[in-house]
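Open your viewer, switch to a cartoon view and get ready to click along. Here is a short tour, one selection after another.

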Amino acid sequence: MRIKNSIQISLLIALMQTVTLVQATEKAYMIEKFDNNHDGVVTQDEFLESAAKRFKIMDIDGDGAIEKEEFLQRYAEHSHQTTTESPVNVEHHVFDKMDEDHDGKITEDEYNESRLKWFTEVDKNNDQKIELGK
Ligand SMILES: [Ca+2]
Ligand SMILES: [Ca+2]
Ligand SMILES: [Ca+2]
């Protein structure tokens, strides 16, 4: 009984450590990508500004929405340039998450909303800033 409990506890601790690690990595990623003025902090303004720019880049045919083909094409180009460690099929998952009404395209509203949601999730202390160690 005692042994079983301690195994459960160590599993729980391992799980919590993983979650913390994921959050720290996510913050580092956001700071690397969105800290436009390189002061080590990503403000909500900086983040949304980058999001708007990114939306225009992703919308290859300029019709105001990111179709899945556009998304996958840009994603492939991007991940080819920066990293080869991207988990398989993560781009499909990301697209589906952003395409809230599931009509196969991400409108600018859907894009901004999902970006803002992401920012709010990472911004745990709700000061509209993302910085490491907080
Ligand atoms: Ca900054
Ligand atoms: Ca488009
Ligand atoms: Ca949609």
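Helices here are DSSP runs of H or I with at least four residues, strands are runs of E with at least two, and both are numbered from the N terminus. This is a predicted model, in which local features need pLDDT of at least 70, side-chain atom pairs count only at pLDDT 80 or more, and totals for chains, interfaces and linings use all residues. Residues are numbered from 1 along each chain as its sequence is written, while chains are lettered from A and ligands numbered from 1 in the order in which they are written.

Start with the protein chain as a whole. You will find 5 helices and 4 strands, and walking from the N terminus their order reads α-β-α-β-α-α-β-α-β.

Now colour by burial. A residue counts as buried if 20 or more other C-beta atoms, placed from the backbone, lie within 10 Å of its own, as exposed if 12 or fewer do, and as partly exposed in between. Of the 134 residues in the protein chain, 12% are buried.

Next, select helix H1 (2-34) and strand E1 (41-43), then go to the loop between them, where His38 sits. His38 is not a glycine, yet its phi is positive, about 50°. Is His38 buried or exposed? His38 is exposed, as 7 other C-beta atoms lie within 10 Å.

For the last stop, move to the loop joining helix H4 (90-98) and strand E3 (105-107), and select His102. Here too is a residue other than glycine with a positive phi, about 50° for His102. His102 is exposed, with 7 other C-beta atoms within 10 Å.
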